[in-house]
Amino acid sequence: MPHYSGPLLTRPLLDAMREAQRGGSVVWNGSLDLGRGTDEVRLEADRWQWRGHDYPWPERLKDRTVYYWDGGDFAPASRFGNGLYKLVPTEWGVPTFEIDGIKMLVSAQLSPMEDARRKVALVAPRGKQVLDTCGGMGYFAACCLEAGVTAVRSFEKSPEVLWLRTLNPWSPDPGSDAAGGRLTLTHGDISLAIADIADASVDAVLHDPPRFGIAGELYSQAFYDHLARVLRRGGQLFHYTGMPNRLTSGRDVPREVATRLARAGFRARPELDGVFAVRS
């Protein structure tokens, strides 16, 4: 799907533009692409102009919502699928996203992109073939491209997430010059697609699955055996787990994951908010 190239609005942005216009300014400088760049916006009483296009002033915007121009109005960047999928602005510019109000990416203490960068650095992607099992917003893939990966093969099961990616200027576009043909994004379920990936064909794996209760198959021994099969010996893996249910049930998901990975042929240890492992 082609990436959106129009303006992205939030309530604080609209308030700042309106305040400038009401104060007599005819020009406002700021970012309408979630912090990726800064542009000049021409302000008038009944409309505003950005990159040569006129837009009407929206009547009202909700908090914690990103809006895009759908050709006739500013619409929220959200869509119903197996729940409500929504792009959510953060103070860092780089957005997170939610499913039914549950935040899918870290954003409270640091930027979602910086969080991804720390995790990607563990597998040292420069010059490697990387498998990105659950692409999400594509921040793992973006950091791999930034770090000089040879190729990153990314899978994403949700059509709603793929659509949000087309609106998000921080999500890498496989067809862009920056990607340079190094990113392949497939709409598919990695729990099934992995059976068709060749043995010992990747140097590193980034595995950021939904929580266990939603996608238990991505925490299974059978899936970890496949990860061991497709990784070359010495290949590295980062597996996000978080700490779900630890306080309420006493369950230690990272420890369970490390145990299964060890059975599959990995040397595994807790790292950041997940497990880092090396194929033996």
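Visitor: How far apart do the C-alpha centres of domain 1 and domain 2 lie?

Guide: In this predicted model, the protein chain is divided into domain 1, covering 8–76, and domain 2, covering 112–279. Taking the C-alpha centres of domain 1 and domain 2, the distance between them is 36 Å.

Visitor: Which residues of domain 1 lose the most area to domain 2?

Guide: The area buried between domain 1 and domain 2 is about 510 Å², and carbon and sulfur atoms give 70% of that area. On the side of domain 1, three residues together account for 73% of what that side buries, and they are Leu 34, Arg 36 and Tyr 68.

Visitor: How many residue pairs are in polar contact across the interface of domain 1 and domain 2?

Guide: Seven residues of domain 1 are in contact with five residues of domain 2. Across this interface the rule finds zero salt bridges, whereas for polar contact, with both at pLDDT 80 or more, the number of residue pairs found is two.

Visitor: Which strands stand at the edges of the open sheet?

Guide: The open sheet is formed by four strands in the order β2-β3-β4-β5, with antiparallel pairing. Each edge strand has a single partner strand, so one side of it is left without a neighbour in the sheet, and the strands in that position are β2 (27–30) and β5 (53–56).

Visitor: Which residue in β4 does Leu 43 stand opposite?

Guide: Strand β3, residues 39–43, runs antiparallel to strand β4, residues 47–50, and three bridges join them. Standing opposite Leu 43, in β4, is Trp 48.

Definitions and conventions
Residues numbered from 1 in each chain as written. Predicted model: local features only at pLDDT ≥ 70, side-chain atom pairs only at ≥ 80, totals over all residues. Heavy atoms only, no water. Pairing = 2+ DSSP bridges. Helix = DSSP H or I, 4+ residues; strand = E, 2+ residues; numbered from the N terminus. Domains from an automatic or database assignment. Contact = heavy atoms within 4.5 Å. Buried area = accessible area lost by both parts, 1.4 Å probe. Salt bridge = Lys/Arg side-chain N within 4 Å of Asp/Glu carboxyl O. Polar contact = N/O pair within 3.5 Å; in protein donor to acceptor, adjacent residues only side chain to side chain.
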